[in-house]
Amino acid sequence: MKLILKNIGMLKEAEVSLDPLCLIAGVNDNGKSTIGKVVFCIIKAINRYKEDLKVSKDHEIKKLIADAYFELRPLTEDRDTSFSWFDFRIILMNDNELKDSVPIFRQFLLKLKEIPALDKSVLNIIQDIESRLKLLLEQPEDTKRFIENAFTRVFAAEFDSQVLLSGAQGGFIQVWENDLQLINLNIDRNNKVTLNGEIEPIVIRDATFIETPLILNFHDLLISSQTQLELHNVRALGIPYTTLHTKDLFDKLRVPVLPSESRNEELLSQIRTIVDGDLQYDKSQSNFVFKRASENISIKNTASGIKVFGLLQILLANEFITKNTLVVFDEPENHLHPKWQLKLAEVLVELVSQGVYIIVSSHSPYMIEALERYSALKGLEGSCSFYLAENNKVENKSQLPEIFALLSEPFDEFRQLDAKVLHDE
């Protein structure tokens with residue numbers, strides 16, 4: 001896949017091939033994290049609009065059933081009939097799938113029409129309800145409206161209502177698969193998203209964005225926080241709020257680990273060996289703990305480097321990281337010793353070899369070179385791209401030499417300082 005965007009986040013423009021391993025390097029404040037955020041939002045919005053479509057139609061049908069119950073019961077319950085309104089209430093009280101509830105509801109309506117000497121006015125009401133139900137079941141949804149609404153809300157929740165590059169009047173995001181356009185979005189200065197054309201399926205099923213392992217330290221704050229998807233005026237309400245990717249990750253980390261035969265036990269064992277323990281969510285303590293041998297270590301007393309690997313432990317154990325899912329890692333080296341940067345790079349490349357998509361933003365020469373070398377060892381050179389965010393732009397070409405030249409600039413400065421010291425002596 002290829003991502004093309006203009007005036008989004010910190011980027012004036014970018015074009016990148018979303019290979020299984022995609023690295024964005026560059027100095028701070030040049031937009032290297034924007035690529036991962038945009039792809040994360042795309043995946044979340046696609047999943048959300050499908051759910052919104054289902055919820056919308058389900059809601060309307062369930063409302064119709066409830067309205068029918070309260071409208072028809074007073075008109076018919078005093079009749080001498082075997083019809084049971086108690087059985088009808090079961091439909092309202094049980095959270096059944098509509099595929100189960102609708103046939104039962106239709107049978108009830110048929111039974112009502114069979115009541116002897118039924119008033120014509122009541123019969124007309126029943127027939128009207130049947131017509132409305134048929135219309136709801138058959139009418140096509142306004143899919144485009146739901147898609148645009150989902151994208152607008154997701155991008156606003158992730159970018160804190162500042163989707164466009166500062167000063168820009170508009171921007172766009174496109175996703176391509178060879179010559180097939182999968183997504184084409186326009187964003188106006190009010191952050192409203194407009195969909196051009198149709199939306200095509202994307203292979204990536206879910207996305208997880210990891211910004212910092214310190215998320216584990218803020219359980220009590222994040223447990224009550226919400227995103228702009230839930231709140232329309234968060235600051236006025238005084239409710240803690242956070243970005244979409246933070247809440248998404250936090251909710252995933254708190255899912256109880258269940259037994260599974262498909263879980264990646266070999267990779268989990270590799271991570272366990274690196275950190276010499278397991279990071280888990282302890283439901284009894286309502287917090288995260290690091291378990292080493294028989295000792296439970298408070299998460300606040302656990303090293304940040306362990307937390308980095310611990311996040312992957314929990315996500316793997318809960319199967320949020322599987323084939324055709326995406327993990328976005330934003331500057332993971334910030335909390336890792338150089339040796340553990342290499343270990344993390346090895347784990348990420350292993351995930352790529354298993355069909356997981358990885359996007360890493362980094363300015364660490366250790367991390368970048370490790371990703372390159374481990375990819376080569378796995379024979380994944382053709383599945384990797386190394387991009388440089390520079391002047392708030394990303395060009396669609398691999399730029400490893402330019403990346404290493406940029407990252408070596410501090411050493412050039414050291415040499416100049418050494419030369420100055422020698423000259424002064």
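# Close-up views of a predicted protein model

The secondary structure of this protein comprises 14 helices and 14 strands. The model is predicted. Of its 425 residues, 47% count as buried. Among contacts between residues at least 6 apart in sequence, 72% link residues at least 24 apart.

**Figure 1. The open sheet of eleven strands.** The strands of this sheet follow the order E6-E5-E4-E1-E2-E14-E13-E3-E12-E11-E7, and their pairing is mixed. At the edges stand strand E6 (193-195) and strand E7 (206-210), each of which pairs on one side only. Within the sheet, strand E11 (residues 325-330) and strand E12 (residues 357-362) run parallel and are joined by five bridges. Across this pairing, Val327 stands opposite Ile358 of E12. As a guide to viewing, the side chains of a regular strand alternate between the two faces of the sheet.

**Figure 2. The open sheet of three strands.** Strands E8, E9 and E10 form an open sheet in the order E8-E9-E10, with antiparallel pairing. Its edge strands are E8 and E10, each pairing on one side only. From one strand to the next, the twist averages 40 degrees. Helix H10 packs on this sheet as well, touching E8 and E9. The direction of H10 makes about 65 degrees with that of E8.

**Figure 3. The hairpin of E8 and E9.** Strand E8 (residues 278-282) pairs with strand E9 (residues 287-292) in the antiparallel sense, over five bridges. Asp282 has Asn287 of E9 as its bridge partner. Four residues lie between the two strands of this hairpin. In the turn, Ser286 has a positive phi of about 50 degrees.

Figure 4. Strand E9 and strand E10 (residues 295-298) run antiparallel and are joined by four bridges. Phe290 stands opposite Ile297 of E10, and the bridge partner of Arg292 in E10 is Glu295.

**Figure 5. The packing of helices H9 and H11.** Two packed helices are described by the angle between their axes and the distance between the axes. Helix H9 (residues 265-275) and helix H11 (residues 338-353) pack at an angle of about 175 degrees, and their axes are 11 Å apart. H9 is therefore roughly antiparallel to H11. On the side of H9, the contact is made by Leu267, Gln270, Ile271, Ile274 and Val275. H11 contributes Trp340, Lys343, Glu346, Val347, Glu350 and Leu351. The residues of this contact divide into seven nonpolar, one polar and three charged.

Figure 6. Lys113 is found in helix H3 (residues 98-113). With a relative accessibility of 29%, Lys113 counts as partly exposed. Residues up to four places away in sequence being left aside, Lys113 touches Leu118, Leu123, Ile126 and Glu130. Lys113 and Leu123 are ten residues apart along the chain, and their C-alpha atoms are separated by 6.4 Å.

Figure 7. Zero disulfides are found in a search of the whole structure. The cysteine sulfur closest to that of Cys22 belongs to Cys384 and lies 9.7 Å away. This separation is too far for a bond, because a disulfide requires a pair of cysteine sulfur atoms within 2.5 Å. Cys22 is buried, its relative accessible area being 0%. Cys41 likewise counts as buried, at 0% relative accessibility.

Conventions. Residues numbered from 1 in each chain as written. Predicted model: local features only at pLDDT ≥ 70, side-chain atom pairs only at ≥ 80, totals over all residues. Heavy atoms only, no water. Buried < 20%, exposed > 50% of the residue type's maximum accessible area, 1.4 Å probe, protein only. Axes fitted to C-alpha atoms, helices over the stretch in contact; angles between N-to-C directions. Parallel < 35°, antiparallel > 145°, perpendicular 65-115°, else oblique. Contact = heavy atoms within 4.5 Å. Nonpolar A, V, L, I, M, F, W, Y, C, P; charged D, E, K, R; others polar. Pairing = 2+ DSSP bridges.
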